[in-house]
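Keep the structure in view as you read.

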Amino acid sequence: MNTRNSALVVEDLKVHFGGGRGLFTTKPTVHAVDGVSFSVPAGATFGIVGESGSGKTTTALAIMRLVPVTAGRVTLGNTVISELDKEDLRAARRQFQIVFQDPYSSLDPRKRAGEIVREPLDLMQIGTRAERDAKVADLFEQVGLRPEQRALFPHQFSGGQRQRLGLARALSTEPDLIVCDEPVSALDVAIQAQILNLMARLQRDLGLTYLFISHDLGVVQHICDEIAVMYLGQIVEQADRVTLFTNPQHPYTKALLAAVPMVHGNKRDRRNRIRLKGDPPSPVNLPKGCRFASRCPMAEPRCHQEVPELREIGAGHKGACLLI
Amino acid sequence: MSAPLLSVDDVVVDFKTRAGNARVLDHVSLEVASGEILGIVGESGCGKSMTALSIMGLVPSPPGKVTSGSIRLEGRELVGLSEAELCEVRGRDIGMIFQEPMSSLNPVFTVGEQIAESVRLHENASPKAAMARAVEMLRAVEIPEADLRAKAYPHQLSGGMRQRVMIAIALACRPRVLIADEPTTALDATVQAQIFDLLQDLQSETGTAIILITHDMGAIAELADRVAVMYAGRVVEKGTVDTVLSDPQHPYTKGLITCVPHLEPEPPLVRAPLPEIPGVVPALTELGMGCAFAPRCGNRIAQCGEAKPPLEATVGPHLTACWVAGP
Ligand SMILES: Nc1ncnc2c1ncn2[C@@H]1O[C@H](COP(=O)(O)OP(=O)(O)OP(=O)(O)O)[C@@H](O)[C@H]1O
Ligand SMILES: Nc1ncnc2c1ncn2[C@@H]1O[C@H](COP(=O)(O)OP(=O)(O)OP(=O)(O)O)[C@@H](O)[C@H]1O
Ligand code: SF4
Ligand code: SF4
Ligand SMILES: [Mg+2]
Ligand SMILES: [Mg+2]
């Protein structure tokens, strides 16, 4: 199967909400995702971190074609996902699947677990009935559930088990790419470790490509190969996992890293950190220059005029700041 | 530690459920002194919020009940006080920041009115003086343009600002003990850091004792002086933050610290799988006679299934409830 080597390529992706004309006025445009580009080699994990509302989920949904793409291109292997028509999109969906944060609300409470995992196979008519049954039993074992648990309903599973079900369902169509939006954020730390280890093992065994969204920098550092930091709809810094954490360049990345309490830290060194003040501006009324300027501890007058471009600042390291 | 300001002594809380009696707090003992931050950590459902509610006299009853034990504030017994007496204690002596800020703010009153209300409940202040105090509190929690923001309704504020309003309400009457139940779970890391700084400032300026409930060991390391680790309704380990984090004795505490992918300033190139705590937390209605952690514990011995290990000193003031741990 050559699609196993396919990479995800996102080029200048934009998702704007609203902006349509109402009866009397023009509705304001929300620039949720505003020119995002990155690519993920097959079998790798690409992380997206950033403030609440910075556009992480919207980026994920746009790649999945679950929200309308305003502009830009999304390619997975040889398939241009962003340009597929309805029929082709339905067929192509087996290549890319999504796992959501909330294992409670993302599973249909009236369906038995086996049916939930089987559903994508039925919808896409993959294999014979008997083959689908065998496949579901297999998937249960792969994610660490017992095949006899197929007969249970979602409420009879714990949070961690429900996330395993979500993974089994996503894996059912043998996808190349799994988009994971905060997959462990709702789980207790002990269960989170079980799921992260499972995801790493599945990736190794099946050659999966992950797009991994999380606000937990420790988790991202552990699981991702390359990481993009988003702020107000744009990527402000991007690097491999070692570079980003040892040599952060963008003032927002630095502030974000400084904000995380460290288990090896103590009361004393807490005091000497830079702190951000204020809230981010709204994605409706975007400021003129750098979008971070209103909170940036390094901002200069020109930051409020000039827009910093995301550019190469080191080997495989990109940043969007006028001062670096 | 100096004499405790607040002490929780051997408290048992039971809930009647369809599946039988659930012992939600099983002989819990904690203490916090003035100017000290006590952290409480543990997995979901282990009884952290219930400990806070029992201190506040807010255990939902029925179905819940404080079956036995004692909770004393400067020697004064709180268990068994009338609702009117408890109401006085809450806010004047003990303030609480709840887990979900939106559900504990009233959507139809401005935030200024809500803080002023809390001031007036416990002091004889005129409406005008109470409102002035409210604005002053908003300033103290670093809300910009406090006099304008006092006139805002909760939905007009960001999550971080709402949480700061909750802190302002809890602090309006200068309580001696502040209980913060996961005060930052829904917030961004940068906003969380602001809230933590605020708590730390308040504690060092006013000497308020703080009980900080969290599942974040990093927050414990950077904020708390002492920590209690809870599992299935019991305190399984208790000591100073330095000793518990650097030399954990209970297998559950060890697991909690190592299973989290902590942010490292110098991440290792090779990533090993995370150590796991296998299995899940047991149902409180199905606990046996032995150690509740036994089904998940790698150090288990025969004795563990037969009796609950008492919380006893292992090294100095460091207490552990485990048959295997200790000197
Ligand atoms: N359907 C929609 N209509 C209008 N605005 C939307 C819609 N969906 C998202 N937005 C806005 O787009 C921006 C980006 O939202 P998004 O959910 O992608 O953020 P996020 O980075 O995932 O945040 P979080 O960390 O809170 O999950 C936000 O300002 C949000 O309010
Ligand atoms: N009304 C109730 N009836 C029966 N059991 C209850 C009731 N309320 C709470 N419990 C149980 O009490 C236990 C302790 O709950 P508590 O809210 O203190 O947990 P917690 O440690 O704060 O968890 P979290 O981290 O999820 O907030 C839980 O097992 C819960 O199921
Ligand atoms: S361009 Fe200016 S405002 Fe923007 S991040 Fe760089 S220094 Fe800060
Ligand atoms: S008492 Fe036994 S089962 Fe419980 S934590 Fe200690 S070793 Fe493990
Ligand atoms: Mg999101
Ligand atoms: Mg709680």
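A polar contact is a pair of N or O atoms within 3.5 Å; within protein, one must be able to donate a hydrogen and the other to accept it. This is a predicted model. Across the interface of chain B and chain A, 14 residue pairs are in polar contact, both residues at pLDDT 80 or more. The count of salt bridges between these chains is 1. In that salt bridge the side chains of Asp225(A) and Arg271(B) meet, at 2.8 Å from N to O.

How much area do chain B and chain A bury between them? The figure is about 4,100 Å², with 54% of it on carbon and sulfur atoms. Glu222(B), Leu263(B) and Arg271(B) supply 21% of the area that chain B buries against chain A, more than any other three residues. In terms of contact, 51 residues of chain B touch 45 residues of chain A. The largest share of chain B's side, 10 residues, comes from H8(B).

| Class | Number of residues |
|---|---|
| Nonpolar | 27 residues |
| Polar | 11 residues |

Chain B has an open sheet of 8 strands, ordered E6-E7-E8-E3-E9-E10-E12-E11, with mixed pairing. Its edge strands are E6 (94-97) and E11 (312-315) of chain B. Strands E3 (residues 37-41) and E9 (residues 226-231) of chain B pair in the parallel sense over 4 bridges. There, Ile40(B) stands opposite Ala228(B). Helix H11 (residues 251-258) of chain B lies across E9 and E10 of chain B, at about 105 degrees to E9(B).

Terms used
Residues numbered from 1 in each chain as written. Chains lettered and ligands numbered in written order. Predicted model: local features only at pLDDT ≥ 70, side-chain atom pairs only at ≥ 80, totals over all residues. Heavy atoms only, no water. Pairing = 2+ DSSP bridges. Helix = DSSP H or I, 4+ residues; strand = E, 2+ residues; numbered from the N terminus. Contact = heavy atoms within 4.5 Å. Axes fitted to C-alpha atoms, helices over the stretch in contact; angles between N-to-C directions. Buried area = accessible area lost by both parts, 1.4 Å probe. Salt bridge = Lys/Arg side-chain N within 4 Å of Asp/Glu carboxyl O. Polar contact = N/O pair within 3.5 Å; in protein donor to acceptor, adjacent residues only side chain to side chain. Nonpolar A, V, L, I, M, F, W, Y, C, P; charged D, E, K, R; others polar.
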